[in-house]
Amino acid sequence: MKQPDGYFITFEGIEGAGKSTQAARLYEMLKERGYPVVFTREPGGTPIGERVRSLLVDTAHPEMAAETELFLVAASRAQHLHQIIRPALGEGKIVICDRFLDATLAYQGYGRGLHLTMVREVNEIAAWNCKPDLTLLFDLDPYQAMSRVRDRRQVEEELPDRMERQNMGFYERVRKGYLDIAHEEPQRFRKFDASVGLDTLWNQVSDCVTRELSRNWGEPERLELKGFNF
Ligand code: TMP
């Protein structure tokens, strides 16, 4: 069932493409403009989901099976929808989520090689029909992306996590997966070339979301008339 009045925006792309930075900026911009907005992420977004995330990225578990990954991200998602996403959309809020269903198809399906039909079915069980209204895909060459991840980890003085330790072939497949999925659903996806500078990218992202929101959802003033309290 489509949520009544909320608007669901997801950010996707391989590690290092800059999606989390852009998602955080979008959250700040919409909040400043007076929109009722929630910012969350997957895996994670709830105390249970954050524990799942820790397990997923833990370098102590190189033995993790692809199927285990699939069920872990699905479990995190089921809880996230139950606790955060559906309630917020039900209250008419804008939900910005850093990764969602498409990440599972791209990483566990294309990346790990699990059967795409099976991944779609598991996605369906976890999310039963809750689809984003708008998905921003940040596309970047994996070599460039991984060099950004390495630089970031050096600054943080941390080693790459389990998901960041895959070979280039893995990220190439994930990237292709995202591009295929976006191609199948052009009405939902907007693709960005993430090799441009952060501020150029931000201008494109903010223009795009501003346009989509005013076309499909409305202005904050309209919401005040509807009696929203924020
Ligand atoms: P992050 O890069 O957004 O911090 O996400 C953490 C990792 O989780 C990233 O390597 C991608 C991975 N992931 C999956 O493999 N499947 C999923 O369904 C999701 C949501 C994330």
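Which elements each supply at least two residues of the lining of the largest pocket?

1. Elements of the lining. They are helix H1 (19–32), strand S2 (37–41), H2, H3, H4 and helix H6 (142–156). Helices (H or I, at least four residues) and strands (E, at least two) are DSSP runs, numbered from the N terminus.

2. Basis. This is a predicted model, in which local features need pLDDT of at least 70, side-chain atom pairs count only at pLDDT 80 or more, and totals for chains, interfaces and linings use all residues. Residues are numbered from 1 along each chain as its sequence is written, and side-chain values use heavy atoms, with hydrogens and water left out.

3. Largest pocket. Its volume is about 680 Å³. A pocket is an open set of points on a 1 Å grid over the protein atoms alone, where a 1.4 Å probe fits, with protein on both sides within 12 Å along at least five of seven lines; lining residues have an atom within 4 Å of a point. A volume is the space filled by probe spheres set on the points, which are joined across faces, edges and corners.

4. Its lining. The largest pocket is lined by 31 residues, and Glu-15, Lys-19, Glu-42, Arg-53 and Arg-99 lie nearest its centre. H4 gives the largest share, four residues. The lining divides into eleven nonpolar, seven polar and 13 charged residues. Here Ala, Val, Leu, Ile, Met, Phe, Trp, Tyr, Cys and Pro count as nonpolar, Asp, Glu, Lys and Arg as charged, and the others, Gly among them, as polar.

5. Ligand. The ligand sits in the largest pocket (more than half of its atoms lie within 2 Å of the pocket's grid points). Around the ligand are 14 residues, of which Glu-15, Arg-53, Arg-99, Thr-104 and Gln-108 come nearest (near means a heavy atom within 4 Å). This shell holds six nonpolar, two polar and six charged residues. H4 supplies its largest share, four residues.

6. Polar contacts. These are pairs of N or O atoms within 3.5 Å. A polar side-chain atom of Arg-99 lies 2.7 Å from an oxygen atom of the ligand. For Gln-108, a polar side-chain atom lies 2.8 Å from a ligand nitrogen atom.

7. Second largest pocket. Its volume is about 220 Å³. Of its 15 lining residues, Leu-101, Arg-120, Asn-123, Lys-131 and Glu-185 are closest to its centre. H5 gives the largest share of this lining, four residues. The lining divides into six nonpolar, two polar and seven charged residues.

Key. A polar contact is a pair of N or O atoms within 3.5 Å; within protein, one must be able to donate a hydrogen and the other to accept it, and residues adjacent in sequence count only if both atoms are side-chain atoms.
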